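Have the viewer open as you read.

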There are 2 protein chains.
Amino acid sequence: MADYLANSGRYPVLPHTKPGELIDALPHCAPEHGEPMSAILEDFQRLIVPAATHWNHPGFMAYFATSASGPGILGEMLSAALNMNGMLWKTSPALVELEQVTLEWLWRSMGFAGNPFGIIFDTASTASMHAIAAAREMAAPEIRAEGNGAGLVLYTSEQSHSSIEKGAITLGIGQKNVRKIPVDAEFRMRPDALAKAIERDRAAGLRPFCIVVTVGTTSTTSIDPVEAIADIAGQHGLWLHVDAAYAGAAALAPEFQHILKGCERADSFLTNPHKWLFTPVDLSALYTRRPDILRRAFSLVPEYLRTADDPRAVNYMDYGVPLGRRFRALKLWFVLRYYGRAGIAEIIRAHIGWAQELARQIDADQRFERTAPTPLSTVCFRLKGADEANRSLLERVNASGEVFLSHTMLHDQYCLRLAIGNIGTTREHVQRAWELVQTAAR
Amino acid sequence: MADYLANSGRYPVLPHTKPGELIDALPHCAPEHGEPMSAILEDFQRLIVPAATHWNHPGFMAYFATSASGPGILGEMLSAALNMNGMLWKTSPALVELEQVTLEWLWRSMGFAGNPFGIIFDTASTASMHAIAAAREMAAPEIRAEGNGAGLVLYTSEQSHSSIEKGAITLGIGQKNVRKIPVDAEFRMRPDALAKAIERDRAAGLRPFCIVVTVGTTSTTSIDPVEAIADIAGQHGLWLHVDAAYAGAAALAPEFQHILKGCERADSFLTNPHKWLFTPVDLSALYTRRPDILRRAFSLVPEYLRTADDPRAVNYMDYGVPLGRRFRALKLWFVLRYYGRAGIAEIIRAHIGWAQELARQIDADQRFERTAPTPLSTVCFRLKGADEANRSLLERVNASGEVFLSHTMLHDQYCLRLAIGNIGTTREHVQRAWELVQTAAR
């Protein structure tokens with residue numbers, strides 16, 4: 001593991017493997033009798049590593065990074081050894097209380113006051129689904145028993161993550177009851193358009209119940225105007241959920257805390273330490289000022305799990321779908337302690353600085369254009385010209401094996417997207433990516 | 001870790017800690033500056049371990065066990081180091097293909113033929129919710145767009161896991177549209193009562209859509225008559241989902257494969273390797289013969305995640321709520337290879353044998369009565385007499401720190417429940433538990 005992490009840059013970021021290749025290299029049945037660990041580890045090296053996409057590679061600049069920091073891995077190892085299941089306080093006081101402590105630390109590190117209820121889910125998709133379920137419970141408590149919920153309407157921007165729509169579909173809200181509010185020229189939800197949509201739906205006898213804003217959208221990391229939207233949510237009594245999966249981490253640097261302005265007024269808020277906080281997947285932190293409502297949406301305690309009630313003994317199973325619960329807080333606790341708030345801020349500040357430098361270089365190159373503002377560490381740009389040219393440019397760059405960039409569509413144009421967030425990435429890796437892009441363009 | 005695992009029996013199973021004690025022992029903020037790893041590990045030893053419930057303790061016989069086997073932990077360590085996110089085939093071919101391979105191995109190890117689509121979720125609760133969502137998609141495809149779904153009805157037994165009801169609530173089916181079918185004297189769903197309930201609902205204009213059966217219920221490990229129920233599901237065209245979270249593992253021993261008879265006819269089936277297959281939490285395996293329907297329920301691919309389509313390149317994000325995906329298959333692959341099918345069967349066979357021995361001992365003791373059949377490794381029993389006496393008996397036994405048993409309610413009576421499933425448990429530990437129960441009873 002140490003050797004791999006010290007040298008993760010020596011692998012091609014994307015493996016040279018074809019669909020089905022690993023499947024075809026392995027038998028169709030488990031072995032009848034046990035094998036020595038040496039044989040298993042040899043196969044791991046021989047078959048698994050060469051088929052891996054190396055998210056730890058310092059040239060991984062696709063999607064949003066996740067990086068396996070040393071302390072994060074150590075935390076995960078110890079969690080696996082203790083192997084507790086924190087469904088109830090009683091089944092693991094250490095897990096349940098460290099989850100609360102660590103989430104409070106993270107909350108305060110982002111510059112917020114107070115200590116709302118926090119709970120860890122696997123991914124932001126799952127966490128957002130729970131937030132929307134709480135919103136439904138607040139607006140239409142009869143749905144828990146009766147089902148259905150005709151006419152509930154959810155609002156989010158056309159740039160929000162697809163998981164919001166998926167959450168609404170899963171919960172039985174219905175895809176056509178998700179209003180995708182248009183964005184401004186900088187890809188931020190338009191409060192005027194939101195207000196109009198809500199009024200239109202109310203006039204039509206529908207039931208607006210939830211607004212989901214994004215701080216750091218997936219395509220461009222644009223930041224919705226949370227304060228103006230919180231005003232609208234307040235006027236209409238709607239649940240306000242904030243998806244800050246990627247960008248929340250930036251607030252560990254005080255000079256970027258302004259991006260969360262207004263979020264303290266939200267009913268629920270999420271951020272993903274497994275993105276830009278150097279914590280191995282999976283760990284999405286959901287906060288809510290209304291744990292009573294989240295609990296009302298999900299609590300269903302059967303007799304065999306009933307324990308005597310102490311108000312300080314939190315039973316997390318009452319706040320969501322999963323009953324079982326891994327000890328995920330430990331890895332984040334290790335990361336926060338090992339680097340400290342200031343140590344993390346320094347890394348994040350550097351990532352943002354390198355992205356800003358790249359943005360200026362792109363702006364200075366006549367062949368390219370930036371296709372969105374660069375508020376944080378993600379740069380969207382394109383070669384001036386046809387989509388096809390950009391598509392083949394990306395293919396060529398990624399074929400180098402040195403970097404992995406992804407793409408997105410903005411204003412119906414194919415754009416390249418370079419996101420910095422890996423703890424192993426340096427300024428040189430970013431500059432090398434730019435060099436590869438320039439060479440390929442030539 | 002090695003020292004802890006070799007000596008996990010030296011801790012009290014349940015910690016001597018009060019709610020809030022760990023929270024009060026820690027500061028309210030993350031440190032501003034980084035700390036040395038030695039200080040962090042010291043706090044781990046000093047504060048976390050003493051507040052842990054030791055699921056690895058060989059005397060852990062509450063709920064259903066989960067145990068951290070050596071190969072399982074090594075797999076989890078390597079997963080944390082690689083730290084891949086397998087949302088798409090492209091983002092980690094190794095993860096996606098090993099998930100398919102390992103789930104096929106597990107499927108065949110349980111004695112089934114063929115190779116249905118398999119996907120890993122965190123817990124059975126989440127997996128069942130996805131199965132029910134697929135059932136909804138099959139019966140009422142209009143719900144995806146429209147929401148609502150008035151009148152859908154789900155059938156399960158009054159002994160099924162609470163997660164089924166929670167799944168239906170989450171999906172907007174409504175708690176009152178979950179029919180809890182009565183059980184027979186051995187806690188198995190009554191097919192006659194099921195058939196009548198479906199006919200009654202159809203006559204009332206409602207829309208039956210899903211039956212959930214359990215192989216190994218949580219309270220008593222009773223096994224629903226799957227074949228008879230599959231006939232009913234077939235007659236009415238209903239989705240049949242099997243929850244074999246605990247008991248599926250028993251089928252690795254051929255002489256217990258009969259418990260899964262009929263399950264090959266189900267539309268979906270789940271089992272939890274993180275219960276009785278010596279795989280650290282979390283890993284719940286969901287299988288379905290109808291991946292097309294599961295996919296139709298959840299697929300929603302945004303542009304920035306679109307990759308060129310190859311029929312062998314599975315994009316797991318299209319089959320469920322979570323977008324992110326840890327490399328969970330690796331730990332199960334390690335376990336299956338290290339022990340082999342036969343090696344695991346031997347351990348499971350021993351567990352069942354010790355439970356049968358204990359059942360005979362309880363039957364031979366006039367003071368006690370068994371309160372349910374003991375088909376597998378879980379024994380339900382009580383002291384003849386008042387609930388209060390049993391409650392205080394359990395408290396006394398658990399206060400020993402040597403074992404941890406849980407309880408359940410059967411026929412409105414408080415019962416003790418001893419479940420064997422930890423890889424470190426021996427016959428002596430089970431006998432010691434029985435000794436503690438007898439002493440406390442005296």
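**A walk through the two chains**

In chain A, 73% of the contacts with a separation of 6 or more are between residues 24 or more positions apart. Keep in mind that you're looking at a predicted model.

The C-alpha trace spans about 60 × 60 × 45 Å along its principal axes. How does the radius of gyration of chain A sit with that of a compact globule? A compact globule of 442 residues would come out near 22 Å, and chain A has 23 Å, so the two agree. As for burial, 60% of the 442 residues in chain A are buried.

Now bring in the partner. The contact between the chains takes 113 residues from chain A and 113 residues from chain B. On the chain B side, the element that gives the most is helix α5 (residues 93-109), with 10 residues. That side of chain B divides into 57 nonpolar, 36 polar and 20 charged residues.

Helix α4 of chain A covers residues 70-82, which makes 13 residues. From its first C-alpha to its last it reaches 19 Å, close to the 18 Å expected at 1.5 Å a residue. Is α4(A) mostly covered or mostly open? Mostly covered: 12 of its 13 residues are buried. Among them are I73(A), L74(A), M77(A) and L78(A), and also E76(A). What covers these buried residues includes α13 (329-364) of chain A, but also α1 (2-6), α3 (37-48) and α4 (70-82) of chain B. Just after α4(A) comes N83(A), with a positive phi of about 50°.

Next, hop over to chain B and find its open sheet of 7 strands. The order is β2-β8-β7-β6-β5-β3-β4, with mixed pairing. β2 and β4 (178-181) of chain B stand at the edges with a single partner strand each, so one side of each is left without a neighbour in the sheet. On average, neighbouring strands of this sheet are turned by 20° against each other, direction ignored.

As a reminder, strands of a sheet pair through backbone hydrogen bonds, and they can do so parallel or antiparallel. You can find both kinds here. Strand β2 (residues 117-121) of chain B runs antiparallel to β8(B), joined by 5 bridges. Strand β7 (residues 268-271) of chain B is also antiparallel to β8(B), this time with 4 bridges. Pick out A285(B) in β8(B) to see both pairings at one residue: I120(B) is its bridge partner, and T271(B) stands opposite it too. For the parallel kind, look at strand β3 (residues 152-157) and strand β5 (residues 207-214) of chain B, which are joined by 5 bridges. There, T156(B) stands opposite V212(B) of β5(B).

Why is β8(B) described as largely enclosed by the rest of the structure? Because 5 of the 5 residues in this strand (residues 284-288) are buried. In a regular strand the side chains alternate between the two faces of the sheet. In β8(B), S284(B), L286(B) and T288(B) lie on one side and A285(B) and Y287(B) on the other, and both faces are covered.

Most peptide bonds are trans, and most residues other than glycine have a negative phi. The bond from V281(B) to D282(B), however, is cis, with omega near 0°. D282(B) is in the loop between α11 (273-276) and β8 of chain B. Chain A has a cis bond as well, from V281(A) to D282(A), with omega near 0°. There, D282(A) is placed in the loop between α11 (273-276) and β8 (284-288) of chain A.

T221(A) isn't a glycine, yet has a positive phi of about 60°. You'll find T221(A) in the loop between β5 (207-214) and α10 (226-236) of chain A. With 28 C-beta neighbours inside 10 Å, T221(A) counts as buried. In chain B, F187(B) has a positive phi of about 65°, again without being a glycine. F187(B) is in the loop between β4 and α9 (191-203) of chain B, and with 23 C-beta neighbours inside 10 Å it counts as buried.

Notes. Residues numbered from 1 in each chain as written. Chains lettered and ligands numbered in written order. Predicted model: local features only at pLDDT ≥ 70, side-chain atom pairs only at ≥ 80, totals over all residues. Buried ≥ 20, exposed ≤ 12 C-beta atoms within 10 Å, placed from the backbone. Helix = DSSP H or I, 4+ residues; strand = E, 2+ residues; numbered from the N terminus. Pairing = 2+ DSSP bridges. Axes fitted to C-alpha atoms, helices over the stretch in contact; angles between N-to-C directions. Expected span 1.5 Å × (residues − 1). Contact = placed C-beta atoms within 7 Å. Rg over C-alpha atoms; globule rule 2.2 N^0.38 Å. Nonpolar A, V, L, I, M, F, W, Y, C, P; charged D, E, K, R; others polar.
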